[in-house]
Amino acid sequence: MSPSSQFQGAQDKIRINDLELILPLQSGSQWPADETRMAVLQPVLLTFSIGWDTRKAARDDDLSHSIDYATLTSKLEKKLQRDDPYDTLDDVAGAIVQPKASLFCAKLSIAYTSSLVHGQWRMSTVRHTIHDLICPIVIGVNPHERQARQETSTTITIETNDLEHSALAGRIVVKHIFESIYHSEYLTLEALASYIAKYVLSVVSNGTAPAKVSVSTSKPHALSKAASAEVVIYREASDYQEQEPEDVSNQVDSSPSVIPAATVGSTHTAVLALGTNLGDRFHNIEYAVRLLEIPGEVLHEVHPHEEDGSSMILKVIDTSFLYETEPMYVTDQPKFINGACVVETNLSPLTLLRLVKAIETIVGRIPSIRNGPRALDLDIIFYDTLIYDTRPTRKRQSLDNLEGQLLIPHPRIAERLFVLRPLNDMIPEFVHPALKKSVKTLLQQLDDQPDADKMRKAIPFPLLPLSSEDTSPYPSIPPVPRTGAYWTFTSSPPVPPKDFRTQIMATLNTTPDSFSDGSTHNTLSTGLEYVRSAVSAGASIIDIGGYSTRPGAKFVSVEEEIDRVVPYVKAIRAGETHKDVLISVDTFRPEVAEAAVAAGANCINDVYAFTGKDSFEQGHGEEAKAQADSVMQEMKRIARQYATPVVLMHSRGDAGSHKDYSAYNYAGADNAVIEGIRSELGAKVSKIVRGEGAVRRWSIIIDPGVGFSKTVEGNSQILRNADRVTADQLIGEGETRQHNPLAKFPQLIGVSRKSFLGSILAQNEGGRETAPKERDWATAAGVSCAIQQGAVAVRVHNVEGLRDVVKVADALWRTQ
């Protein structure tokens, strides 16, 4: 219902002009509300036009043949007033709303056309108009027009009869249209207008809803003696149904038809690459990933004149391993740390580009030489299956003019190991939309190159406890700890380089009932003496436990476990020597983990892999699952907040029970336990590293759980074939067939003094019974086997006695 509408069978009109109402609207205001879903009271000017045959009223001057304007106005006002807010302008049927749509255009308007059919009004079309969108761009044929931006003014009218899908989030659409125009670079207004029409049609229709668009684009300052030069065009989606070339293997082209959903709030999947070689590299990476998840705050800080970003959504749902990488292109610079992440977002590609550039600036990137050192490099690699290039067609012959432009997919993926390896950790089967090859295939083509061995995986450990310098300028994200230390390794096999050494985790049990050393180190003085001895002997991390996991161990309350662990952590951090040694807390309780980490522990070692002890004891009912989920969410939160590595062990509840793995005999009798670990622990790890609130993949260490719910032969099977636990292969059978979820994760293996070693020593003629402390020689055999199988770390009690075993095993199995 609009003064510009045409009605079937009625040329005369009765019109109520500019009826001013104050209505609660969710959108359409110049400045959106501060709180999510909070409506804003806004002035609405309503012009109501009715097709009416006025001839009878004119002939007889009889009011009964006319319309009671006052009654109509009163009823209309009463009908529109309500407590519930209107979501969009479209919800105010028949309204023309004219506040400012955004900072970029003069106003938004919406008009409906209705007809009186059999005594009922029926809407037939809806028309949205964006008035006078002002945008400075590079446009024109004269040389001076190519050197600076000049102002353009665009009015866009969108008409559709698909009333079911006609809603348009005006403020968001205007913003994305502005971005698309801003990054264009055309010689003629005709080309610009056509580009805008094509883009807008894709935004509105998303390939389904029929729509017509008119675009008028002008250059107000093009002519000295005229107000402007203007082009007006009318287009439908059918005008842009061009045949795509069959061979797109080497093309990167602009395809607006795949962009639309980004502008109407739908969720998209994007892949980002991260790199840094200046400053605290691991801190830079973690800070960048946290900033990604608060896009509205970041963009508002960098561009405070723009609208509030409360509607912007970005969630990091997967991360790769981190890699220490030799520099490429410019080799005379520090080593890089490289990684990648997968995000879900409603941001358009251009807004996402602005976000990553803003984050680079916040983290500390400054201008440098091309491919030179930088505090942060954050690149958009993929955005759904979009093929997109903001450069003019004539400038796409080389990759030397990418500054300020956006190309999706990233044009140099196929030549960069430091991008492909992180991508392969997360999305190996994803097919490059232009090259038509999977990530895994692209990686295989580079893995046999001479430089393929110049990347090592890295596990960073935070410097804890947090100091007064560790603060966050954003209330939405906690402070990012600085880096205390990091380990590097390569997947097993191939064997690591000569300078690799297996990390030794020393076991400090502060319990009176540990199976091996109960009551030995359960005082501060004896515990600290053990720490000094272990570190001097070569231990790189101390694992402190306050609750024994041996079968039949006594229950320990949360408070008592904290009292058994935290004083040792604080005493080590306050000590004169070895105060910087890495500390792991051996616990399955979130409360204990957080208390220890806050006191200075750098790592969490959980024998139940974030699912809690009680969940196993209660079976697999709904209550047990809910409890396990609750524990997992809390443990994930703690690991993310403090950026701590976590050791996730395979177990089945009580260490002495649940030893039957016959369900996995389909993998072969000598591989059933390995298959069980891959399946059961893999399911937990997948929940931990994927989805919203996930722990970074680079923070995960796998423990196959030697001695926990395995027979003597099962434990031996692990030590003989531990490399299969994290092998890059398919597991499962039939419909459960899947990629091994534990593929390529680092392993920590603990065999020290375990009871299965005592069982082996007692076997056959000449066998003997042994106490745990008598099994260090047997432990040496297990440790050597673990190193041969590619373990990154081994957990032992007697560091001084086993350091030589580790050193010799490294020399035998790890050198090239």
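I started with helix 5 and helix 7 (residues 349-363), which pack at an angle of about 140° with their axes 10 Å apart. For the record, helices (H or I, at least four residues) and strands (E, at least two) are DSSP runs numbered from the N terminus. Axes are lines fitted to C-alpha atoms, for helices over the stretch in contact, and angles run from 0 to 180 degrees between N-to-C directions. That angle makes helix 5 oblique to helix 7; under 35 degrees counts as roughly parallel, over 145 as roughly antiparallel, 65 to 115 as roughly perpendicular, and the rest as oblique.

I noted the contact residues (heavy atoms within 4.5 Å): Asn 284, Tyr 287, Ala 288, Leu 291 and Leu 292 from helix 5, with Leu 355, Val 356, Ile 359, Ile 362 and Val 363 from helix 7. They divide into 9 nonpolar, 1 polar and no charged. My classes: Ala, Val, Leu, Ile, Met, Phe, Trp, Tyr, Cys and Pro are nonpolar, Asp, Glu, Lys and Arg charged, and the others, Gly among them, polar.

A caveat on the source: this is a predicted model, with local features needing pLDDT of at least 70 and side-chain atom pairs counting only at pLDDT 80 or more, while totals for chains, interfaces and linings use all residues. Residues are numbered from 1 along each chain as its sequence is written, and side-chain values use heavy atoms, with hydrogens and water left out.

Cavities next. I get 7 cavities of 30 Å³ or more. A cavity here is a set of points on a 1 Å grid over the protein atoms alone where a 1.4 Å probe fits but cannot get out, and lining residues have an atom within 4 Å of a point. Grid points are joined across faces, edges and corners, and a volume is the space filled by probe spheres set on the points. The largest cavity holds about 130 Å³. Of its 16 lining residues, Phe 282, Glu 286, Pro 460, Ala 643 and Trp 698 are the closest to the centre. Helix 5 (281-292) and strand 16 (455-462) are the elements giving two or more residues to that lining, and helix 5 has the largest share, with 4 residues. By class I count 10 nonpolar, 3 polar and 3 charged residues in the lining.

Back to helix pairs. Helix 18 (residues 776-788) and helix 19 (residues 799-813) pack at about 30°, axes 9 Å apart, which makes helix 18 roughly parallel to helix 19. Their contact residues divide into 8 nonpolar, 3 polar and 2 charged.

Helix 11 (residues 558-574) and helix 12 (residues 590-599) pack at about 15°, axes 9 Å apart. Their crossing is right-handed.

Ala 609 has phi near 50°, a positive value in a residue other than glycine.

Conventions
A crossing is left-handed if the near helix is turned anticlockwise from the far one by less than a right angle, and right-handed if clockwise. On a 1 Å grid over the protein atoms alone, a cavity is a set of points where a 1.4 Å probe fits but cannot get out, and a pocket is an open set with protein on both sides within 12 Å along at least five of seven lines; lining residues have an atom within 4 Å of a point.
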